[in-house]
Amino acid sequence: MMKINFNQLDRGYLKFKDEYDKTAISVLESGWYIMGKEGEKFETEFANFTGSKYCVGLNSGLDALVLAFRALEIGEGDEVIVPANTYIASMLGITENGATPVFVEPDKYYNLDSTKIEEKITNKTKAILVVHLYGQAADMVNIKSIADKHNLYLVEDCAQSHGAHCSDRMTGTWGDIGCFSFYPTKNIGAFGDSGAIVTEDVKLYEKMKMLRNYGSKIKYQNEILGVNSRLDEIQAALLLVKLRHYEELRKERANIADKYLNGIKNKNIKLPSIREGSKHVWHLFVIQCEVREKLQNYLNLKGIGTQIHYPIPPHLSKAYDYLGYEEGNYPITEKYADTVLSLPLFEGMKKDEIEYVVDVINAFKLEK
Ligand SMILES: *Cc1c(COP(=O)(O)O)cnc(C)c1O
């Protein structure tokens, strides 16, 4: 029997091992480890990659979100519209600043339903945070026009959508600030924690640069209250290697997704839908199944690892008890939490492994 982990990061490393090894050693030998030429080069190249003007390298995707709302001066008493169906980190960027998340149900693509945003806008609403979940862009054309109409900031959580497009524009460049994570499992993943923001606004860019470095532009002159959230040289240099190979990595994920989309034929399984005009980058391949636990146990017995993204919606998590929500408040989100299942899809996944997953899923039967 084949054994296929949900993810296997060493396969990704082995793909370009020589380049990663050389790069890491050259940074070690350089004697310069934080805030140097690798970080600057990465910022320039990542800004170019997204089609944005500026990029600021940070410590994590969560820091990108937290500092984005801080830079926009959104805090206590303010409300931010956010998809109910997302990873809790999206909300933590809001609540860390003392602002209140206002949840909106997802559409059939798992993203913020643009038709349900306006009913949630109040005189306290300051921003909309979109999350391009699983690698597919949210309905940005409509969301951007709602943000403009109501004079709201638009922030994008692109932790899962590096390189994904809505129409001809890349995610991260639709809003005031695009927030990225380079956590190892992401589509552009580092070998440790790191993140970044992109923006077109020079003032926000300057402010983010200060915020990440103790609030100072010039050493020991602290103009605002900052934090330490710097992108270190090794991660930046390794990320540059990944970025160089982006197109190849994107195609690899798209090929796995195509094989699943074309190969999986089982009436108990609902495959992901692709929005017209969007370019999905397949951070995750998420199916739905009414008997998910049964399916997950079955796949597990057949040696196939799966994961659930995400089993507990943020509004029902213990951490957000204080917001006062209960089961039934966001039924679409809750239904997704009960039925979604992510299949293995990773750099270096082999052809026979992909085919094995397809065959095993197609052989799944309810009755027995
Ligand atoms: C991974 C992720 C984050 C957080 O990124 P970190 O680098 O782990 O802090 C935020 N939002 C979403 C949607 C994510 O998937």
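**Pockets, cavities and a ligand: group meeting presentation**

Good morning. The second largest cavity of this structure has a volume of about 40 Å³. The structure is a predicted model, in which local features need pLDDT of at least 70, side-chain atom pairs count only at pLDDT 80 or more, and totals for chains, interfaces and linings use all residues. Residues are numbered from 1 along each chain as its sequence is written, and side-chain values use heavy atoms, with hydrogens and water left out.

Some terms come next. On a 1 Å grid over the protein atoms alone, a cavity is a set of points where a 1.4 Å probe fits but cannot get out. A pocket is an open set with protein on both sides within 12 Å along at least five of seven lines, and lining residues have an atom within 4 Å of a point. Grid points are joined across faces, edges and corners, and a volume is the space filled by probe spheres set on the points.

Let us return to the second largest cavity. Its lining consists of A84, N85, T86, Y310, I312, P313, P314, T333 and A337. Six of these are nonpolar, three are polar and none is charged; Ala, Val, Leu, Ile, Met, Phe, Trp, Tyr, Cys and Pro count as nonpolar, Asp, Glu, Lys and Arg as charged, and the others, Gly among them, as polar. Domain 1 (9-244) and domain 2 (246-362) each contribute at least three residues to this lining, the bounds coming from an automatic or database domain assignment.

A cis peptide bond joins H309 to Y310, with omega about 15°. Y310 is in the loop between α10 (292-301) and α11 (331-339). Helices (H or I, at least four residues) and strands (E, at least two) are DSSP runs, numbered from the N terminus.

How many cavities of 30 Å³ or more does a search of the whole structure find? The search finds three. The largest cavity holds about 50 Å³ of space, and its lining includes Y109, Y134 and H280. Because both domain 1 (9-244) and domain 2 (246-362) give residues to that lining, the largest cavity lies between them. Y134 has a positive phi, near 65°, although it is a residue other than glycine.

I turn now to the largest pocket, with a volume of about 630 Å³. It is lined by 32 residues, and Y87, Y183, T185, K186 and Y310 lie nearest its centre. By class, the lining has 16 nonpolar, twelve polar and four charged residues. The largest share, four residues, comes from α5. Why does the largest pocket lie between domain 1 (9-244) and domain 2 (246-362)? It does so because both domains give residues to its lining.

Finally, the ligand. Among the residues around the ligand are Y87, S90, V131 and K186; a residue is near a molecule if one of its heavy atoms lies within 4 Å of it. A polar backbone atom of G61 is 2.8 Å from an oxygen atom of the ligand. A nitrogen atom of the ligand lies 2.7 Å from a polar side-chain atom of D157. In the side chain of S181, an N or O atom is 2.6 Å from a ligand oxygen atom. Thank you for your attention.

Definitions and conventions
A polar contact is a pair of N or O atoms within 3.5 Å; within protein, one must be able to donate a hydrogen and the other to accept it, and residues adjacent in sequence count only if both atoms are side-chain atoms.
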